[in-house]
Amino acid sequence: MFRKFSEFQSVRQVHLWLRQEEVLLPAVDGETRRTVWKPPVYNTIHHLLTNPVYGGAYAFGRTGSRVTVEGGRKRVSRGHRRDREAWDVLIVDHHEGHVSWEEFERNQRLIADNANCKGLMTRGAVRRGDALLAGLLRCGHCGRRLHVSYSGTDGYCVRYSCRGAHLNHGTRRCISFGGVRVDSAVAEEVLRLLSPLGIEASVEAVAMREEDVAETRRQVELGLTQARYEADLARRQYDAVDPQNRLVAAELERRWNERLAEVARQEERLAATAAVQPDALSGEDKERLLALEGDLEMVWEHPGATAETRKRILRAVLEEIVATSAEDRIELLLHWRGGDHTRLSVARNHTGQHRWRTSAEVGELIRGLARQQPDSAIAATLNRLGKRTGRGNAWTEMRVRSFRCHHTVPVYRPGEMGERGELTLKETAGRLRVSTMTVLRLISAGTITARQLCKGAPWAVSEAQITGLDGAVVVPHHPLTANTDQKELDFQ
């Protein structure tokens with residue numbers, strides 16, 4: 001039961017697994033008081049996982065009674081749970097438990113944190129939805145936990161909103177925003193910080209654990225030395241007593257036995273410490289461990305990784321996230337486990353925008369190139385620049401045409417540049433009776449002024465300035481090097 005809870009981290013998931021696998025649990029029949037085996041119920045599993053006796057502790061007074069007056073008569077009701085501070089007795093390490101007390105305490109915190117709608121400080125259990133930050137987001141305006149809602153054809157559209165004040169007091173919602181960009185930004189930040197530091201931190205943790213175990217072993221060795229000294233002292237006192245004084249001899253023998261038992265206990269502790277001594281990492285092992293830095297990102301992007309897995313990764317490193325609404329951005333304050341804080345700023349979607357929207361930069365390029373090139377040439381230019389569509393695809397003639405039609409950008413007409421008094425690079429070279437490379441050198445030297453939207457786009461040269469240069473172009477000749485000792489070669 002405890003192993004499955006450590007795996008699933010949810011009482012309900014353990015209950016469902018036991019039911020699915022048809023695992024029967026013992027129970028006491030209410031009439032015959034005999035032990036019977038039957039399918040488990042949720043309360044049985046919850047009581048077992050929260051009972052301190054399985055953590056090696058003895059507890060008394062976990063429930064109490066309440067006295068009320070009904071109809072003029074006293075009424076006593078029993079079985080009311082009490083807080084741990086109000087228990088009558090709690091003895092830790094009273095006996096050997098199924099789990100250690102530290103693991104039992106960790107389980108109680110996890111069970112309390114999994115409780116949904118049980119207060120402002122609980123995050124709730126991990127659920128199936130695609131919202132990665134469910135239970136982690138908190139409103140920076142009122143302090144309430146944000147609600148999650150799903151919409152769309154298949155329910156894949158995630159939205160976070162603060163509805164606590166609206167539901168309880170009828171006021172307006174504090175904050176509401178889409179979850180796609182926020183989830184992506186937080187996930188990217190987590191992977192960015194964990195990828196380069198996670199493995200190094202693991203190596204440091206292994207080294208620190210080695211030091212802690214060494215110090216613990218040293219303390220156990222000192223305790224064993226002290227116990228052996230006291231046992232030897234008790235033996236010498238017992239040997240020195242007069243055998244006729246039986247009362248004193250019996251007391252000294254009892255003390256000697258106690259010291260011998262303490263020696264045996266310390267020897268067992270020392271053996272247990274040696275059994276858990278971690279092996280030191282060799283240089284080759286550390287290099288192999290450091291080479292695994294990218295594995296976390298591989299796990300995150302793997303097709304087999306579920307939303308529950310990603311949520312568990314986020315919850316392992318994040319305590320909570322405080323979201324505040326700005327003018328056109330969502331300000332996020334990430335509270336990491338350990339006390340560190342990180343700020344993120346995520347742009348809001350404006351009206352008419354969506355996640356697959358082509359960037360404004362690419363849109364401006366298409367509008368400018370449409371006045372110089374046909375759709376097929378525009379697609380080739382955008383692909384050479386590495387520009388992608390809103391969905392991350394390469395550009396094609398059909399996609400450029402679709403963008404133009406959607407944004408009412410007119411199609412390019414042959415001769416359109418000439419109507420505006422502009423010449424292409426080839427047309428300029430023909431008018432000047434030089435090569436295109438010569439025209440490029442003239443543009444570079446500033447003799448001709450030309451306009452180019454982006455690298456790889458056509459050059460647009462004003463026809464007016466070419467008219468005055470017909471037949472009178474002086475091609476600049478620049479030396480190949482700035483070295484004054486360079487000599488010219490005359491070829492015959």
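Arg404 is buried in this predicted model, at 7% relative accessibility, where buried denotes a relative accessible area under 20%, exposed over 50% and partly exposed in between (1.4 Å probe, protein chains only). Arg404 lies in helix α13 (residues 397–406); helices (H or I, at least four residues) and strands (E, at least two) are DSSP runs numbered from the N terminus. With residues up to four places away in sequence left out, Arg404 is in contact (heavy atoms within 4.5 Å) with Ile366, Ala370, Asp375, Val409, Pro410 and Val411. The model is a prediction, in which local features need pLDDT of at least 70 and side-chain atom pairs count only at pLDDT 80 or more, while totals for chains, interfaces and linings use all residues. Residues are numbered from 1 along each chain as its sequence is written, and side-chain values use heavy atoms, with hydrogens and water left out.

Arg404 also takes part in a helix packing. The axes of helix α12 (residues 375–384) and α13 come within 8 Å and cross at roughly 105°; axes are lines fitted to C-alpha atoms, for helices over the stretch in contact, and angles run from 0 to 180 degrees between N-to-C directions. The two helices are therefore roughly perpendicular, a class covering 65 to 115 degrees, with angles under 35 counted as roughly parallel, over 145 as roughly antiparallel and the rest as oblique. Asp375, Ser376, Ile378 and Ala379 of α12 meet Glu397, Val400, Arg401 and Arg404 of α13. These residues comprise three nonpolar, one polar and four charged, with Ala, Val, Leu, Ile, Met, Phe, Trp, Tyr, Cys and Pro taken as nonpolar, Asp, Glu, Lys and Arg as charged, and the others, Gly among them, as polar.

Helices α15 (residues 425–432) and α16 (residues 436–445) pack at about 100°, their axes 9 Å apart, and are thus roughly perpendicular. The contact of α15 with α16 has seven nonpolar, two polar and one charged residues.

Among the residues touched by Leu137 are Leu146, Phe177 and Leu332.

Cys139 is buried at 3% relative accessibility, as is Cys162 at 1%. The structure holds zero disulfides, defined as pairs of cysteine sulfur atoms within 2.5 Å.
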